[in-house]
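Student: I would like to go through this model with you and ask, for each label, what it rests on.

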Amino acid sequence: EIGPERVTKRFKQFALSMLWGFLERKPYLSAKARYEREKRLITKFSDNSDLTTPTLLDSDDQELILVFQTLGLTDLVQIFQDPAIHIDDKLQYLRAALNQLQAIHNAGETHGDPYLKNFFRINGPENNGRLYTCDFEYERKSPDPAVTDVLILTANSINALFQANGSAPKSALSVVREV
């Protein structure tokens with residue numbers, strides 16, 4: 001639910017398995033477990049100067065509801081698919097997303113759902129060049145979830161860049177290696 005000053009995220013029961021075992025989410029994560037993970041990480045990261053997450057305004061532990069401050073945001077999927085945005089700028093956004101992942105990992109955590117749709121640029125004059133990230137509600141079963149985070153973001157980025165610019169994947173891999 002999106003309002004003029006707040007976004008409400010409600011956690012509902014469901015289980016989704018993926019075909020690839022190393023990308024598979026931990027099984028049977030209840031809505032309560034996903035809610036608690038998201039709330040814990042948003043709270044933890046709010047004090048981390050290397051990370052930018054939406055501000056948590058309110059929560060309801062009984063109804064499993066988190067309320068965030070509304071910001072004018074554009075996700076990286078939209079940015080990567082926009083032909084008007086130069087490939088070098090898109091690669092800068094990829095670099096920023098990888099730096100966000102690195103900060104998450106340095107804090108001893110993993111993202112769990114590091115797709116382009118979960119990284120955002122703030123719109124308008126208040127844009128400080130930083131990215132926001134959210135949706136930490138999932139955990140992966142892989143032996144090294146931090147590596148899985150990087151693999152998911154890399155594959156998702158290459159796919160999006162390839163759709164918008166066929167020569168971009170090699171450049172994207174260079175950015176991943178660099179970071």
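Tutor: Let us begin with the aromatic rings, bearing in mind that this is a predicted model: the structure holds one aromatic pair.

Student: What makes F45 and F136 an aromatic pair, and why is it called edge-to-face?

Tutor: The ring centres of F45 and F136 lie 5.2 Å apart, and the cut-off for a pair is within 6.5 Å, so the two rings count as a pair. Their planes make an angle of 70°, and because an angle over 60 degrees counts as edge-to-face, that is the label the pair receives.

Student: Where in the chain do the two partners sit?

Tutor: F45 belongs to helix α1 (residues 31-45), while F136 lies in the loop between β6 (131-133) and α4 (145-164), so that the pair, with partners 91 residues apart, links distant parts of the chain.

Student: Why are F45 and F136 called buried?

Tutor: Buried means under 20% relative accessible area; F45 has 1% and F136 has 0%, and therefore both residues meet the criterion.

Student: How do you know that β2 and β3 are paired strands?

Tutor: Pairing requires at least two bridges, and four bridges join β2 (residues 56-60) to β3 (residues 65-69), so the two strands, which run antiparallel, qualify. Within this arrangement L56 stands opposite F68 in β3, and in the hairpin, with four residues between the strands, L64 takes a positive phi near 60°.

Student: Which parts of the protein have the lowest and the highest confidence?

Tutor: Among the helices and strands, β1 (residues 6-10) is lowest with a mean pLDDT of 64, and helix α3 (residues 87-106) is highest at 93.

Notes. Residues numbered from 1 in each chain as written. Predicted model: local features only at pLDDT ≥ 70, side-chain atom pairs only at ≥ 80, totals over all residues. Heavy atoms only, no water. pLDDT = per-residue confidence, 0-100. Phe/Tyr/Trp six-rings, centres within 6.5 Å; stacked < 30°, edge-to-face > 60°. Buried < 20%, exposed > 50% of the residue type's maximum accessible area, 1.4 Å probe, protein only.
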